[in-house]
Amino acid sequence: MTISDDTISPRDWKSVLRHDVPASLVVFLVAVPLSLGIAVASGAPVAAGLVAAVVGGVVAGALGGSVVQVSGPAAGLSLVVAELVHTYGWRATCAITVMAGLLQLALGGLKVARAALGVSPAVVHGMLAGVGVVIALSQLHIVLGGSPQRSALENVLELPAQILDNHTHAVMIGVLTIGVLLVWSRIPRLRAVPAPLAALMVATLTAAVTGWDLTKVDLKGGFSSVQGPLMPQGDWHAIAGAVLLVALLAGVESLLTCVASNRLHDGPRADLDRELTAQGVANAVSGALGGLPVAGVVVRTTTNARAGARSRWSTVLHGVWVLLFTTACAWMIALIPLEALAALLLFIGVQMVNLGHVRNLRSHREMPVYFVTMAGVVLIGLAEGVAIGLGLAALLALRRLAWVSVDVRQAGERRWRVVVTGSLTFLGVPRLTEALRGIPAGAAVELDLHLDFMDNAAFEALHAWRLQHERTGGAIDVDEPHGEWYSAAIDGVRLFPARIPPRHDRWWLPWAYRRRPRPMDAAGSYAVIGADGGSHDDVPVVCEPQGVPDLLEGTREFQRRTAPMVRPLLHRMARKQSPSHLFITCADSRIVPNIITASGPGDLFTLRNIGNLVPRAGATPADDSVAATIEYAVKVLDVRTITVCGHSGCGAMAALLGEVPDLPALRNWLRHGRQSLARFVAAEPCDDDAGPLDRLCRTNVIQQLDNLRTHPFVDTLVRAGKLELTGLYFDIGAARVHVLEQERFTPVPELRTG
């Protein structure tokens, strides 16, 4: 049985008993000590943490959008709850939790859950790290036998005096608890028992045996001691803000955990709106029963998935076990030293400063947001720190959106190259104008605009510089590979970034059809014309007829645009080639093997000749060039496929059907095509629409494959299944590749999406 979001059928109960019940027990053992510790850190009754654990497991687990997520009291909310308890009292805090749950329920009904994913993870992780620091500092005082102060800064200032005081028993039990937490998970045989549970058990037994003077957890009456909600009194604006804060923080943490849970299993993906709705119901129920706010938590969710949970029954059952344990064994909880719980919280708080998150954020340059948020939470407050982090994240995002790079280099004598990359807005105008100021008057400039946006201020600055530079005798070649922002602004055309298709007219268009610098008329505008002066369906409108450049100009374009992109790849391939195919095709200038096969450097070992002919072994006149290429490809390069590719309208085949030109070398070469002509004449007439020339072109491919097998080393490998021979035919007019299958060519099917 795989993880399922559907109702469990009778046949699946065996899987529930095998996988989900054991997983629920593991999560239960982790949840109990964490729930107790979070309740203590929140300043709430200890039983409130257990109530939240039960409701989070049963209610949120049964209704939630993820089948493995475990909800319950969250350490990330402890600061908010502690402040609310201090300001309004515990029962009023329960009422705020109920209202926060109802707000989450409404937001889930409006299906706005995915909006929470727009919150920068750097802010969330920074918030949790800040909360962890505050928890660790406050609980450290309890471990030392003292009392925590109101703020993290006060805790730091009071720490030296707290350390100097003698708190023997408290310190010893705290050190013992932390020691067990550090060592327990490192011993494989002990991992079956969760480290938090083991630490509290060891601390409790030690305290009972030694009789140390320690403060015990107050759980008199169990769940019966929990009080219900009471409407808060005071400023309703502040109360509404508290409700909103609890709802948003709990909701965002739950949704981010829900998204993370998708990576822990291969079952159905989480439904975020359903999860937010379930969290709302759980918070409303938890607050009504006198429990802490509920949120999806990473530690318990990860534990659940790693323990082998297959369905939501594991989450639900863990809540049931918490309920049964608290009802039947409340006396055991009352034996736990409060200092041991403080040590557990200290350990959890330190772990909330996750260095793995810091490393991930570093690669995305979001560490400032993380540390500023963390510092804000520690020094000012949770809401204020989150607000500061969100503001900084928005400013950095705006800066990235407005980022522009201007690279000016001298490309030769009196020749300069300028590359502008990014979003060219008014914010980038100073950098642009400063860089362009260094280009001497009268120089030839290649201006490459790799832009995803250009505003009017940037266009005005760039265009004014261009006009001024051309007045001094300079020449400017403007090229926009990704979007015609500059030329569109000149023509008065409005562009929409999301609708601009990427331009590919550089690498596949013939030289004569590529965009060349357009002359500016007297009015300062540019005309866009077709290849013959008009606009036609078969010729891109953006093209202009130009004189064909020499190869040197083409190599300059390669060095300028393509070489920087392919240089890392070619550097790795510089010492050795490992092609997988020998590609034999015609020398016809219209056939470009890498285009019709979508291949790149190092893929094809290519042999080109007139007519894509393969002379038979021992043929007269002899031709060692083709045989040497085949031999080298098969025996040295170890290719596994040889492909012969013919094409429509082949001039060599036309010569075989008609009269061979009076060119001695060509006449001798075309003798190797006589077998193709004989095969064509002997073949039965076909009913297809192709004329005699194209039928001969196809027949020629089949014949050349037979000619390949006259070479003994080729035939041996083919018979052994170590070499494959394939035939292709390219219809130039239709731009369609056909593949040979059982003496017939069929079009290669197109891949369709959507």
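1. Helices here are DSSP runs of H or I with at least four residues, numbered from the N terminus. By that count arginine 399 sits in helix H17, which covers residues 382-401. The model is a predicted one.

2. Overall make-up. The protein has 28 helices and twelve strands. It has 754 residues, and 47% of them count as buried. The accessible surface is about 37900 Å², with 60% of that belonging to carbon and sulfur atoms. For contacts between residues at least 6 apart in sequence, 73% join residues at least 24 apart.

3. Positive patch. Arg365, Arg399, Arg400 and Arg431 gather on the surface in a patch of positive charge. Of these residues, arginine 399 has a relative accessible area of 59% and is exposed, because the cut-off for exposed is over 50%.

4. Nonpolar patch. At least two residues of the nonpolar patch come from each of helix H6 (152-164) and helix H16 (367-379). Leucine 379 lies in helix H16. At 60% relative accessibility, leucine 379 counts as exposed.

5. Valine 59. This residue is placed in helix H2, residues 46-63. Is valine 59 buried or exposed? Its relative accessible area is 18%, so valine 59 is buried; the limit for buried is under 20%. Once neighbours within four places in sequence are left aside, valine 59 is in contact with Val54, Val281 and Ala282. Valine 59 and glycine 319 are 260 residues apart in sequence, yet their C-alpha atoms are 8.8 Å apart in space.

6. Alanine 598. The backbone deserves a look here. Although alanine 598 is not a glycine, its phi is positive, at about 50 degrees. Alanine 598 is in the loop between helix H22 (593-596) and strand E8 (604-609). With 71% relative accessibility, alanine 598 counts as exposed.

7. Glutamine 742. Here too phi is positive in a residue other than glycine, with a value near 55 degrees. The loop that holds glutamine 742 runs between strand E11 (736-741) and strand E12 (744-747). The relative accessible area of glutamine 742 is 77%, so this residue is exposed.

Conventions. Residues are numbered from 1 along each chain as its sequence is written. This is a predicted model: local features need pLDDT of at least 70, side-chain atom pairs count only at pLDDT 80 or more; totals for chains, interfaces and linings use all residues. Side-chain values use heavy atoms; hydrogens and water are left out. Patches are made of residues with over 30% relative accessible area and no salt bridge: like charges are joined within 9 Å, nonpolar side chains (Val, Leu, Ile, Met, Phe, Trp, Tyr) within 5 Å. Accessible areas come from the Shrake-Rupley method with a 1.4 Å probe; for residues, only the protein chains shown count as cover. A salt bridge is a side-chain nitrogen of Lys or Arg within 4 Å of a carboxyl oxygen of Asp or Glu. Lys and Arg count as positive and Asp and Glu as negative; His and the chain ends are not counted. The place of a charge is taken as NZ of Lys, CZ of Arg, CG of Asp or CD of Glu. Buried means under 20% relative accessible area, exposed over 50%, partly exposed in between (1.4 Å probe, protein chains only). Contact means heavy atoms within 4.5 Å.
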